[in-house]
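Look over the structure first, then read the points below.

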Amino acid sequence: ARRLGLEENCVFLREEADHVLPIIQRLHFPCALILCQFPTPFVFHSSSDLESSSSSDDEQNKDPTTLIIRGGNTTRFLLSEKVLDLVPSLLNYPFHFQDGTTAQNGALYFSSNVEDVAVAILNLLNTNPHLSPLILDSYVEKESLSSPQPKSPNRRRIPLREQRWTELAPPDKRARGRPWLSSSPFPKNTATETEAMLLVNHQPVHRLLFSSSS
């Protein structure tokens, strides 16, 4: 806030999102943009981790990505289904992006460097009838991931979580193509420290932008 000269217009609240958002909702403040950037990932579960769990839906159990998402405790994750249900009613003001695109009723922006978390959030977003993907001119081609791969001959160390996800997830469940953004829709000087570090180290960032239709 100090870097952008906004310290007199910023308030920081340390509270569960599902507790504080209803309070903000009752205040009826103009809200054009909600950001959820690099939240702490929920626990990763592979299909083998969940083989002993009981389920009557055998067809769903055949999909390893479904098992991963069901295994993760998304109810206590920052963007839970309960929180997402509040988002459309909070967004009530236009937001103008630097490429000229306008989200007439506001927008929700999500970013993460953990692909399985990002895919889980996309699945949640797609179940909300009041939120729809906002596609800007810059988006990820199906052949690439959501960040350029390093040009250096020294390949980055791939975390075990990412290795397990890559082994289990079918191509159509990866963070590729629409609606994933290949770059941030915001000015470069607004990047978080986490995103700046990831980009410097040529690590992927998975980004989603959804607008409110309510």
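Pro 133 has Phe 210 in E6 as its bridge partner. Strand E5 (residues 131-133) and E6 run antiparallel and share three bridges; two strands pair if DSSP finds at least two bridges between them. This is a predicted model: local features need pLDDT of at least 70, side-chain atom pairs count only at pLDDT 80 or more, and totals for chains, interfaces and linings use all residues. Residues are numbered from 1 along each chain as its sequence is written, and side-chain values use heavy atoms, with hydrogens and water left out.

**Strand E6**
- Strand E4 (residues 107-112) also pairs with E6, antiparallel, through six bridges.
- Tyr 109 sits opposite Leu 209 of E6.
- E6 spans residues 206-212, and seven of its seven residues are buried (buried means under 20% relative accessible area, exposed over 50%, partly exposed in between, with a 1.4 Å probe and protein chains only).
- One side of E6 carries His 206, Leu 208, Phe 210 and Ser 212, the other Arg 207, Leu 209 and Ser 211, and all are buried.

**Salt bridges**
- The structure holds three salt bridges (a side-chain nitrogen of Lys or Arg within 4 Å of a carboxyl oxygen of Asp or Glu).
- Arg 174 and Glu 115 form one of them, at 2.7 Å from N to O. Arg 174 is in the loop between helix H6 (160-168) and helix H7 (193-200), while Glu 115 is in helix H5 (residues 115-126), 59 residues apart. Both residues are buried.
- Asp 116 bridges to Arg 161, with the closest N and O atoms 2.8 Å apart. Asp 116 belongs to helix H5 and Arg 161 to helix H6, so this pair ties together parts 45 residues apart in sequence. Asp 116 is buried at 2% relative accessibility, whereas Arg 161 is partly exposed at 22%.
- Glu 195 meets Arg 207 at 2.9 Å, N to O. Glu 195 is in helix H7 and Arg 207 in strand E6, so the pair joins parts twelve residues apart in sequence. Both are buried.

**Whole chain**
- The protein chain has seven helices and six strands (DSSP runs numbered from the N terminus: helices are H or I with at least four residues, strands are E with at least two).
- Of its 214 residues, 39% count as buried.
- Among contacts between residues at least 6 apart in sequence, 83% join residues at least 24 apart (contact means heavy atoms within 4.5 Å).
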